[in-house]
Amino acid sequence: MSQYDNETLSEAGVVSREEAFARAAYFLERVIPVAEECKVQMACHLNDPPAPVLRGVERWNWPVQEGLKRFSELVDSPYHGFNFCCGVAAEGLENPAEELCDIVRYFGERKKLFNIHYRNIRGGLYRFQEVWPDEGDVDMHEVARTLRDVGYEYMLMPDHAPSHPDDQAPEGVSGRVNQAWAFQFGYIVAMIQAVNKERAAR
Amino acid sequence: MHVGVQGMGTSKIEMEFLRRHGVTHMNAGMADHEVETLVRHKEEAAVFGVSVEATHISLPRSITLAQDPQRDEDIERVCRWIENAGQAGYRALFYNFCILDHQRTAATLGREL
């Protein structure tokens, strides 16, 4: 893995966690009432990757559980929640294999999960690699079981599939029309079948 | 729960790709968030039995960087997108609230090839 330059500031400059939450609250207090009226769920993706501070910006989604909890409570509404990326959340944890499912359960039980990016990593906080769902450190079967158990009812989708020079999409369409995504669709379809069958067999 | 996808459009090639892999729900990528566009993508996908239930909106930087007075004007724009999504029958809008964009080092190949 190559080294990351965490010294050079971005156009955002230096931003504290308190300021980050203040900006989020300013936005949410103005858009969520409209979302409620229109019955449209607003699904916020996590900042990728979570870390205490990157290039001068303190990340609102770190520590992961605490940051997401605070963000989710900035406004109280069933239309305010997350596009929850399992990979991103894992990237901010010391031990994703032990910690991720509890976070999924916490927000799943509170109906804050509006979409799931079902992807895996190897490693954790400060040092990780995006990998195929079956070869990462998180047991994705357990993640699917947890989602089933909290009654999650929306999409599980791949994201950031590993690439290969031979695996090219046809011209003129999304680069995701390729083998990598087909593989991940199959993995997800099988996983959903498996956890639903387990429940039926209880 | 069911398999889904985002980051794809609703062209024939994309729809046939999704259908043959059992994907019948999606977040569709689109050029704008006008009602006609949102409805058109829903209709194009429906022909193939795929339900477009969401799309992604990119928040103007004035919102995450707190650049006033532009911020309020841009938040109003986001509110119109939400109204349009509701009118077009979308379940959800996906967004990022990034003060600093996603950060990555160089890519490597899968399975350590």
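## Helices H5 and H6 of chain A

Let's start with a pair of helices in chain A: H5 (residues 140–149) and H6 (residues 179–201) pack at an angle of about 55°, with their axes 9 Å apart. Helices here are DSSP runs of H or I with at least four residues, strands are runs of E with at least two, and both are numbered from the N terminus. The axes are lines fitted to C-alpha atoms, for helices over the stretch in contact, and angles run from 0 to 180 degrees between N-to-C directions. H5(A) and H6(A) are therefore oblique to each other; under 35 degrees counts as roughly parallel, over 145 as roughly antiparallel, 65 to 115 as roughly perpendicular, and the rest as oblique.

On the H5(A) side, the contact (heavy atoms within 4.5 Å) is made by Met140(A), His141(A), Ala144(A), Arg145(A) and Arg148(A). H6(A) brings Tyr187(A), Met191(A), Val195(A), Asn196(A), Glu198(A) and Arg199(A). Sorted by class, that contact has 5 nonpolar, 2 polar and 4 charged residues. Ala, Val, Leu, Ile, Met, Phe, Trp, Tyr, Cys and Pro count as nonpolar, Asp, Glu, Lys and Arg as charged, and the others, Gly among them, as polar.

## How to read the model

This is a predicted model, where local features need pLDDT of at least 70 and side-chain atom pairs count only at pLDDT 80 or more, while totals for chains, interfaces and linings use all residues. Residues are numbered from 1 along each chain as its sequence is written, chains are lettered from A and ligands numbered from 1 in the order in which they are written, and side-chain values use heavy atoms, with hydrogens and water left out.

## Two other helix pairs in chain A

H5(A) also has helix H4 (residues 96–109) of chain A as a partner: their axes come within 9 Å and cross at roughly 20°. H4(A) and H5(A) are therefore roughly parallel to each other, and their crossing is right-handed. Leu100(A), Cys101(A), Val104(A) and Arg105(A) of H4(A) meet Glu142(A), Val143(A), Thr146(A) and Leu147(A) of H5(A). That contact has 5 nonpolar, 1 polar and 2 charged residues.

Now for helix H1 (residues 17–38) and helix H2 (residues 64–72) of chain A, which pack at about 35° with axes 10 Å apart. H1(A) passes H2(A) in a right-handed crossing. From H1(A) come Glu18(A), Phe21(A), Ala24(A) and Leu28(A), and from H2(A) come Gly67(A), Arg70(A) and Phe71(A). These residues divide into 4 nonpolar, 1 polar and 2 charged.

## Where chains A and B meet

The contact between the chains takes 78 residues from chain A and 58 from chain B. Together they bury about 5,500 Å², with carbon and sulfur atoms giving 64% of it. (Buried area is the accessible area, found with a 1.4 Å probe, that two parts lose on being put together, summed over both.) In chain A, Phe27(A), Met155(A) and Phe185(A) lose the most area to chain B, together 13% of what that side buries.

Over all chains, the structure holds 30 salt bridges (a side-chain nitrogen of Lys or Arg within 4 Å of a carboxyl oxygen of Asp or Glu). The count between chain A and chain B is 6. One salt bridge has the side chains of Glu11(A) and Arg61(B) meeting at 2.9 Å, N to O. Glu11(A) lies in the segment before H1 of chain A and Arg61(B) in helix H3 (residues 61–64) of chain B, so the pair joins two chains.

Most residues other than glycine have a negative phi, and most peptide bonds are trans. Here's one for the exceptions list: a cis peptide bond joins Trp62(A) and Pro63(A), with omega about -10°. Pro63(A) sits in the loop between strand S3 (57–58) and H2 of chain A.

Chain B has a cis peptide bond between Asp68(B) and Pro69(B), with omega about 5°. Pro69(B) lies in the loop between H3 and helix H4 (70–87) of chain B. Back in chain A, Tyr126(A) has a positive phi of about 75° although it is not a glycine. You'll find Tyr126(A) in the loop between strand S6 (120–124) and strand S7 (127–131) of chain A.

Conventions. Left-handed = near helix turned anticlockwise from the far one by under 90°.
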